[in-house]
Amino acid sequence: SVYYRIAYYWQERSKYDESEKYYSKCAEIRNSLLGAEHPLMGDIYSGKGWVYFRTNRFNDCKEAFQKCQDLYEKGFGKKSLITASAYYSMGAVLKWGKQYAQSQIYLQECYDIKKEKLGESHSELSSCCIILGNLNNEQGLFKKAQEYYNIGLKIAIENQEELDQAFNLYNLGDIHLKFSEYQEALEKYEQVYEIRKRILGEEDNMTITTLKCLYDTKVKLGYVDEAVEALNTYVKIIIKIFGKDNSSTSWGYWYRAILYYDIGLYTQALNDCESAYKTLGNNVLVKTIASKCHFKLDNMKTCLAEIQSYLELRAKNFTEKDLEYAQYYIFYSLYYLRTKSYAKAHDYATELSYIQKSKMTELKYHAFLAESYYLHGITYLEEKNLEKALENLELGLQQASKIYGKDTVSCAKYNTAMGQYYLLQNEPLKAKTYLERSIKALESQKLTQETEYYGDALFSMGQQFLQSSDKEKYKEYCEKALKSYRHNFQETHYKINAVLDHLKANK
């Protein structure tokens, strides 16, 4: 008994070698006193099984749990609560091995026994609901998963088990994300964060993970200011825990760099990349963002050097068609568009749409598909192939609208591109509809008023007013565009020059 408790003590503290040693000592004593087939030997196999589970020894784990199950069924019967715990263990290891059909049978049997013996509102049913929900979630059976999480949440609320409430709310938030129900997901994550921060503290790993979910969801909703605030809190906490020169902190800088890049704040993104380099070195994921920032800032010499280093690192770490390569396709499509190599720009935009759907979530897949259409669309605009431009921009906007909502910050660049199409068609009123939508979304957030995308929308709106013969408004919007560009770019940047040249030509 003492050895068993010591083994469990070390198991709970992730000292698995020590735990296994004491389980073995306990097994020797019980075997000599009770015999190898005594049901209490099942406790040893169960304990060892969880040690093997935590140390990724699948076959050993499955064998131990099977032995535990056999002993419990023989000694206590198939419908006992202790045997239900063995079914739970077998269900967990089979889920780990992706043997989903068998896992479902064991976990459902565990749930049914506990429900019959303890009642439908007993707290022990909550953990069954969580793992059954996760099992269905992994298989893409999201509605079924949602049902289990809701049952688990109801049980946790009735038993005032707040951490179990948080687990179920967190999982429900994940399901809402899969259905693109971002506001509902945000509400769930906010509840989880409040519970975990209050009970576990802001520095607990689960609290920090929830904070990152808040940031991700706020980005999808276009709540840029709030997303940056959440991410700044995230970085501040991990600096407090790990210090400035730790790899965990550097990944925080990388997350923030991605957000800054996505909303068009390239200088800030590059600063965070430089901070991440300090401990991560020439990390391929950091180089992805840094390369794109240099490109956007028109630092072409540095950009080309980064590209070469970036490709060398990718060749070592990734294969074509994997998810990480998607960023490479976006970057190169934009690069060749900038250098007017339109055929190559289209080639990389097409490659983006070929990224295997199986390698990403449904949401990510549609986001990359929208980006592919967008890249084709803006390239066709440059080529003045307006029929193809409209076809691709409409498809891109449709995809992006399904994911983000057509009036959000995340759809702003799609709306701006549609406005630019109608300007080329000399249809200023239609252009104005899309450009107003883009500007309104970008002006709803303080940070996005300092970005390239805002400058693009303003400059396009200025051209719309020029087509409508309102030169005062044209000049006003061009000046606003210059102000926005100058937040990010050097005075020699090609976009600033484009506005100045346009103003000069239309005095």
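The chain is a predicted model, in which local features need pLDDT of at least 70, side-chain atom pairs count only at pLDDT 80 or more, and totals for chains, interfaces and linings use all residues. Residues are numbered from 1 along each chain as its sequence is written, and side-chain values use heavy atoms, with hydrogens and water left out.

Phe53 belongs to helix 3, which spans residues 41–54. Helices here are DSSP runs of H or I with at least four residues, strands are runs of E with at least two, and both are numbered from the N terminus. Phe53 has a relative accessibility of 18%, so it counts as buried. Buried means under 20% relative accessible area, exposed means over 50%, and partly exposed lies in between, with a 1.4 Å probe and protein chains only. Glu28 is 25 residues from Phe53 along the chain, and their C-alpha atoms are separated by 22 Å.

The whole chain can now be described. It has 25 helices and zero strands. Its C-alpha atoms fill a box of roughly 100 × 45 × 40 Å, taken along the principal axes. Of its 507 residues, 50% count as buried. Contacts between residues at least 6 apart in sequence were also examined, and 58% of these join residues at least 24 apart. The chain exposes about 24000 Å², and carbon and sulfur atoms supply 48% of that area. Accessible areas come from the Shrake-Rupley method with a 1.4 Å probe; for residues, only the protein chains shown count as cover.

Charge was considered next. The chain has 67 positive and 67 negative side chains. Lys and Arg count as positive, Asp and Glu as negative, while His and the chain ends are not counted. The centres of the two sets lie 2 Å apart. Each charge is placed at NZ of Lys, CZ of Arg, CG of Asp or CD of Glu.

The structure holds 28 aromatic pairs. One of them joins Tyr9 and Trp10, whose ring centres are 5.1 Å apart and whose planes meet at 75°, so this pair is edge-to-face. Rings of Phe, Tyr and Trp (its six-membered ring) pair if their centres lie within 6.5 Å; planes under 30 degrees apart count as stacked, over 60 as edge-to-face, and the rest as tilted. Tyr9 is partly exposed, at 40% relative accessible area. Trp10 is also partly exposed, at 26%. Elsewhere, one aromatic cluster is formed by Phe295, Tyr329, Tyr332, Tyr335, Tyr336 and Tyr348.

The charged end of Lys212 sits over the ring of Tyr255, 4.3 Å from the ring centre. Arg338 lies over the face of Tyr494, and the distance to the ring centre is 3.7 Å. A charge sits over a ring if NZ of Lys or CZ of Arg is within 6 Å of the ring centre and within 35 degrees of the ring normal.

Two residues near the start of the chain were examined. Gln11 is placed in helix 1 (residues 2–12). Gln11 is buried, with a relative accessible area of 11%. Beyond its neighbours within four places in sequence, Gln11 is in contact with Tyr16, Ser19, Tyr23, Gly47, Trp50 and Val51. Asp17 lies in helix 2 (residues 16–34). Asp17 has 66% relative accessibility and counts as exposed. Asp17 and Asp407 are 390 residues apart along the chain, with 55 Å between their C-alpha atoms.

Leu381 lies in helix 19 (residues 362–383). At 7% relative accessibility, Leu381 counts as buried. Not counting residues up to four places away in sequence, Leu381 touches Leu386, Ala389, Leu393, Ala417, Gln420, Tyr421 and Leu424. Asn299 is 82 residues from Leu381 in sequence and 24 Å away in space, C-alpha to C-alpha.

The backbone was examined last. Most residues other than glycine have a negative phi. Lys98 has a positive phi, near 60°, and is not a glycine. Lys98 is in the loop between helix 5 (81–96) and helix 6 (100–118), and is exposed at 57% relative accessible area. Asp298 is not a glycine either, yet its phi is positive, about 65°. Asp298 lies in the loop between helix 15 (284–296) and helix 16 (300–317), and counts as partly exposed at 23% relative accessibility.

Conventions: Contact means heavy atoms within 4.5 Å.
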